[in-house]
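Please open the model in a viewer and keep the selection panel at hand.

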Amino acid sequence: MASTDRPTTAVVERASVSDIPELITVWWDAFGSEHMQRIFPQTPDGRIWLERAFKQFFAPVKGPDELKTECLIVRSPDTGIPVAIAIYRIVPEGYDTAKQTWRARWPAVDDLPDFSDAAVDEFFSRMEKAHAYVLGNRGHVFLEVLGTMATFQKRGYGTALVKWGTDLADQLGVECYLDASPAGKPLYEAHGYVEQDVPAIIDNQSSASMLRPKKLQA
Ligand SMILES: CC(C)(COP(=O)(O)OP(=O)(O)OC[C@H]1O[C@@H](n2cnc3c(N)ncnc32)[C@H](O)[C@@H]1OP(=O)(O)O)[C@@H](O)C(=O)NCCC(=O)NCCS
């Protein structure tokens, strides 16, 4: 049965600054592999970096032609605490690719000794090359982060967060893009994302570049 057919308690809402401590808990739980912890340490420095990142996401957008970030959550129906998170970037048509680099979207790590700038740069840059190859500067909805806490997975929360983005893209008449982990790929395929053929020279090997075509307007 497709995930979209199953009953779910998921309610998608926008997160706010007061949710930041719980958002960090969700992030650390969903992205707790050894590989991810080497890049994004689960230490006081790692917490400072994520606090800065979320504050940046909640800051007002400077103008209509700027990149807009949406930080969405699903809360546990029992406790009301966020247990799943999605971070979307709404990329305007013709947006300057130089402004799309991770250094423009995420806080710097230079003053945080637990981080390696080279490791973070390698993590993001590989995906950015494939992203730019597939989309150039076409406007699109970019699902940059999706994670559900392990004990809340397989309840349709990821599905609801993916659907939020595809519904928005259909309203705007634009494509959707994401870099998929093996865990997320089936979910994305169920929502119309298709893996893209990216030349080996820029293929980042660890994730799949996935594009969802724009919906044909009736
Ligand atoms: C990928 C991830 C976000 C999916 O989140 P999720 O909340 O478990 O997603 P869903 O519950 O909507 O769907 C997951 C599976 O559960 C199934 N499912 C959905 N609702 C269900 C329900 N009510 N009962 C049982 N199973 C259900 C879905 O069919 C889906 O199955 P599939 O993988 O065979 O397609 C989550 O596994 C995760 O955070 N992984 C670690 C981080 C990661 O890899 N993130 C993706 C980066 S691209």
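Begin by selecting Glu175, which counts as buried because its relative accessibility is 10%, below the 20% limit for that class. The model is a predicted one. Glu175 has its place in strand β5.

Keep β5 displayed and proceed to the ligand. Which elements each supply at least two residues of the shell around the ligand? They are β4 (140–148), α6 (157–172), β5 (175–180) and α7 (185–190). Select the shell itself, which comprises 23 residues. Thr148, Lys154, Gly156, Thr159 and Ser181 are the closest of these to the ligand. Coloured by class, the shell shows 10 nonpolar, nine polar and four charged residues.

Next, inspect individual atom pairs at the ligand.

- Thr148: a backbone N or O atom of this residue lies 2.8 Å from an oxygen atom of the ligand.
- Gly158: a polar backbone atom here is 2.8 Å from an oxygen atom of the ligand.
- Thr159: here a polar side-chain atom lies 2.5 Å from an oxygen atom of the ligand.

Now select Arg212, in strand β7 (residues 208–212). Is Arg212 buried or exposed? Arg212 is buried, since its relative accessible area is 12%, which is under 20%.

Rolling a probe the size of a water molecule over the atoms shows where empty space is left. The second largest pocket holds about 470 Å³ of space. Select its lining, which consists of 20 residues; Gln56, Ala59, Val61, Leu67 and Thr69 lie nearest the centre of the pocket. Then display α3 (44–58), β2 (68–75) and α4 (102–105), each of which supplies at least two residues of this lining. The largest share, four residues, comes from β2. Colouring the lining of the second largest pocket by class gives 10 nonpolar, two polar and eight charged residues.

How values were computed. Residues are numbered from 1 along each chain as its sequence is written. This is a predicted model: local features need pLDDT of at least 70, side-chain atom pairs count only at pLDDT 80 or more; totals for chains, interfaces and linings use all residues. Side-chain values use heavy atoms; hydrogens and water are left out. A residue is near a molecule or strand if one of its heavy atoms lies within 4 Å of it. A polar contact is a pair of N or O atoms within 3.5 Å; within protein, one must be able to donate a hydrogen and the other to accept it, and residues adjacent in sequence count only if both atoms are side-chain atoms. Ala, Val, Leu, Ile, Met, Phe, Trp, Tyr, Cys and Pro count as nonpolar, Asp, Glu, Lys and Arg as charged, and the others, Gly among them, as polar. On a 1 Å grid over the protein atoms alone, a cavity is a set of points where a 1.4 Å probe fits but cannot get out, and a pocket is an open set with protein on both sides within 12 Å along at least five of seven lines; lining residues have an atom within 4 Å of a point. Grid points are joined across faces, edges and corners, and a volume is the space filled by probe spheres set on the points. Buried means under 20% relative accessible area, exposed over 50%, partly exposed in between (1.4 Å probe, protein chains only).
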